Amino acid sequence: MSDSPLSLSRRNMLAGAALAGVASQLVEPVNAQTPPASPLQSPAFYRYTVGDLKLTAIHEGYNQVPIENFVKNASLDDVRKLAEEQFFPKDAVRITFTTTVVETGGKLVLIDTGIGDLGPATTGRWMANFKAAGFDPAKVDRVVISHFHGDHINGLRLKDGTAQFPNAEVWVGQQEWDFWSDDGRMNNAPEAMKGAFRNVRRVFDPISKNLKFFKPGDEVAPGIIAQAAFGHSPGHMIFAVTSGSNSLMLVSDITNHPGLFVRRPDWAVMYDMDAEMARLSRRRVLDQLASDKMQVAFYHAPFPATGHIWRDGDGFRLQPIQWS
Ligand SMILES: [Zn+2]
């Protein structure tokens with residue numbers, strides 16, 4: 001492939017249009033499937049540790065989307081078969097959203113923010129769950145963003161413009177910023193994708209002078225090192241969390257639902273902006289995690305969205321941690 005990570009080829013534009021269709025659902029959920037009403041769960045947070053570091057998974061809610069067209073490069077029959085095997089809802093995928101809070105070096109650090117008040121009715125639980133876990137949004141020291149899709153950044157700022165973490169430094173990847181902040185690229189993007197560009201401006205313009213930028217290899221907080229895993233978005237980052245001999249990989253959107261894309265790492269979710277680059281990143285990272293037996297935390301795995309990866313045939317499986 002000759003594309004540089006930052007080029008917007010026609011293929012990327014098409015993928016981007018698909019992405020924007022769904023990204024816009026997260027802003028105005030007009031096309032979201034309406035799942036059957038179900039009672040709210042109890043406040044959902046889950047604490048665990050990596051050496052001396054305290055991690056808390058915070059649940060945001062879920063979005064239910066049709067299974068048709070969810071995977072770009074597999075037949076609907078094959079996707080349905082794997083989904084049915086795992087008792088997914090009929091012809092649908094439930095995408096859950098789980099951010100990670102890390103208490104490290106005396107600082108309160110968030111990795112991604114959830115959807116805020118811009119998602120469907122089945123989301124929007126994040127702040128209540130964060131507070132139920134005993135945290136105060138005014139005391140967040142740093143917010144580190146994996147990539148700029150709406151489900152990861154919209155929690156930074158409510159739709160009326162209110163900043164949710166008024167005292168936090170906001171750290172963003174340089175490559176991701178360079179892509180989305182380019183006005184020429186926005187102007188040339190298909191109409192369907194322009195909403196995603198505009199959303200990035202809505203979230204970041206008020207704080208653009210104060211943003212901190214990081215690159216692969218940078219320590220974004222004590223014990224947390226950013227790594228490149230480009231493809232899902234042009235500057236998509238994952239984060240290695242280390243304390244003493246303990247470590248965990250926060251893999252962001254290296255896969256969407258692991259029941260599909262950990263099992264079939266060559267499948268591309270409709271939101272992957274460069275499907276081939278995302279596939280290569282996914283295989284590389286899952287392979288490393290399986291070899292190292294390293295604990296992993298996903299953004300879109302069933303809550304509490306953490307476990308271990310093991311090899312299974314040509315793919316992998318996620319063994320969830322036991323709630324304890
Ligand atoms: Zn996502």
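This is a predicted model: local features need pLDDT of at least 70, side-chain atom pairs count only at pLDDT 80 or more; totals for chains, interfaces and linings use all residues.
Strand β3 (residues 92-104) and strand β4 (residues 107-111) run antiparallel and are joined by 5 bridges. Together they form a hairpin with 2 residues between the strands, and Gly105 in the turn has a positive phi of about 55°.

Now look to the other partner described for β3. Strand β2 (residues 53-66) runs antiparallel to β3, and 12 bridges join the two.

The largest nonpolar core has 85 residues, and Leu250 is among the members touching the most others, along with Val143, Ile238, Phe239 and Val251. In soluble globular proteins, nonpolar side chains tend to be buried together.

From here, let's turn to the open sheet, where 7 strands follow the order β8-β9-β10-β11-β12-β13-β14 with mixed pairing. Because β8 (219-221) and β14 (315-320) are at the edges with a single partner strand each, one side of each has no neighbour in the sheet. On average, neighbouring strands here are turned by 35° against each other, direction ignored. Helix α9 (residues 275-292) packs on this sheet, touching β10, β11 (246-250), β12 (295-297), β13 (306-312) and β14, and its direction makes about 95° with that of β13.

Within the sheet, β9 (residues 224-228) and β10 (residues 237-243) pair in the antiparallel sense over 5 bridges.

Terms used: Residues are numbered from 1 along each chain as its sequence is written. A nonpolar core is a set of buried Ala, Val, Leu, Ile, Met, Phe, Trp, Tyr and Cys residues joined through C-beta atoms within 7 Å. A residue is buried if 20 or more other C-beta atoms lie within 10 Å of its own, exposed if 12 or fewer, and partly exposed in between; C-beta atoms are placed from the backbone. Two strands pair if DSSP finds at least two bridges between them. Helices (H or I, at least four residues) and strands (E, at least two) are DSSP runs, numbered from the N terminus. Axes are lines fitted to C-alpha atoms, for helices over the stretch in contact, and angles run from 0 to 180 degrees between N-to-C directions. Two residues are in contact if their C-beta atoms, placed from the backbone, lie within 7 Å.
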